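Let's take a walk through this model, starting with its charged pairs and ending on its surface. Have the structure open and follow along.

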Amino acid sequence: MTMMFRFLLFHLLLHCSTQTLGVKIESVPVLNSDGFIQTEPEETVSLICRSETDEELVWLRNGAVVNLKEGNKKGLSTVCVTPVIYKDNDATFTCHLSGNTTVRDSVTLRVTYPPSLSGSEEVAVENGAELVLQCDIWANPPVSSVSWTLNGSTVDLLANGFTVSNDGFTSKLTTDRVDESLHEGTYQCTATSPTYGNHSKTFNVTVTETTMKFPMMPMIAGLVVVCLTALLAVVSRWDRITKCCK
């Protein structure tokens with residue numbers, strides 16, 4: 001009976017000690033239902049670490065020590081992330097006692113943002129040339145789908161000779177040879193985000209007549225040869241020229 005009492009007393013004291021030495025991180029904005037601090041680029045996240053002791057607190061960002069000013073270490077310590085950037089996504093901030101690294105608390109940032117799609121772009125392409133239309137679909141969470149339309153109708157890849165590529169960052173609509181009757185018009189790229197909905201960009205494509213392209217380098221080389229030949233001819237006949245001029 002005495003042994004059981006001592007055992008229970010030991011665990012009670014251990015529990016009280018843990019509660020006394022514990023640290024807790026509070027944040028603005030607060031944790032979401034998934035246990036993350038959800039934020040967006042250019043916003044500010046404030047982190048406050050509280051301890052019931054006067055022991056110094058240490059902050060880590062992804063395991064690396066965060067430099068703190070004097071007066072921002074004992075009992076209560078704050079860290080401000082401003083402005084939030086894309087690379088802050090999944091960054092984990094940990095606060096622990098300097099003398100006991102096991103007494104700690106951690107929070108993780110979840111930086112979300114929509115695809116950067118808006119407005120319109122004027123595109124002029126020569127008949128018979130290659131056409132590449134590109135949309136930036138990089139987002140967090142990733143977009144669930146990307147669609148392309150031409151004059152309001154879904155692009156017929158086979159009939160219009162198009163190919164579509166998507167690497168998670170950009171979506172490209174490409175044709176190797178432009179035909180005015182098939183490819184001139186208004187294109188729209190639409191990316192659907194599970195968080196931010198639909199975002200679109202428009203391309204107004206105008207097909208122009210093929211222009212004659214002169215081979216500049218051969219022309220320049222030919223002119224140089226002609227000039228050098230004329231110069232050599234003048235030098236070789238210089239004596240006769242000077243005699244005629246006397």
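How many salt bridges does the structure hold? It holds 5, taking a salt bridge as a side-chain nitrogen of Lys or Arg within 4 Å of a carboxyl oxygen of Asp or Glu. Keep in mind that this is a predicted model, where local features need pLDDT of at least 70, side-chain atom pairs count only at pLDDT 80 or more, and totals for chains, interfaces and linings use all residues. Residues are numbered from 1 along each chain as its sequence is written, and side-chain values use heavy atoms, with hydrogens and water left out.

One of the salt bridges joins Arg-61 and Asp-88, at 2.6 Å from N to O. Arg-61 sits in strand 4 (residues 57-61) and Asp-88 in the loop between strand 6 (76-81) and strand 7 (92-97), so the pair ties together parts 27 residues apart in sequence. Strands here are DSSP runs of E, at least two residues, numbered from the N terminus. Asp-88 is buried, at 7% relative accessible area, while Arg-61 is partly exposed at 28%; buried means under 20%, exposed over 50%, and partly exposed in between (1.4 Å probe, protein chains only).

Another salt bridge links Arg-110 with Asp-90, the closest N and O atoms being 3.3 Å apart. Arg-110 belongs to strand 8 (residues 100-111) and Asp-90 to the loop between strand 6 and strand 7, so this pair connects parts 20 residues apart in sequence.

5 strands form an open, mixed sheet in the order 9-16-15-11-12, where two strands pair if DSSP finds at least two bridges between them. Strand 9 (120-126) and strand 12 (153-154) are the edges: each has a single partner strand, so one side of each is left without a neighbour in the sheet. Strand 15 (residues 185-193) and strand 16 (residues 197-208) run antiparallel over 9 bridges, and Thr-190 has Ser-200 in strand 16 as its bridge partner.

A salt bridge also reaches across here: Glu-121 and Lys-201 meet at 3.0 Å, N to O. Glu-121 is in strand 9 and Lys-201 in strand 16, so the pair ties together parts 80 residues apart in sequence. Glu-121 is partly exposed at 33%, whereas Lys-201 counts as buried at 19%.

Finally, the surface. Tyr-86, Trp-138 and Phe-169 make a nonpolar patch of about 320 Å². Such a patch takes residues with over 30% relative accessible area and no salt bridge, joining nonpolar side chains (Val, Leu, Ile, Met, Phe, Trp, Tyr) within 5 Å and like charges within 9 Å; accessible areas come from the Shrake-Rupley method with a 1.4 Å probe, and for residues only the protein chains shown count as cover. Trp-138 lies in the loop between strand 10 (131-136) and strand 11 (145-150) and is partly exposed at 34%.

Conventions
Helix = DSSP H or I, 4+ residues; strand = E, 2+ residues; numbered from the N terminus.
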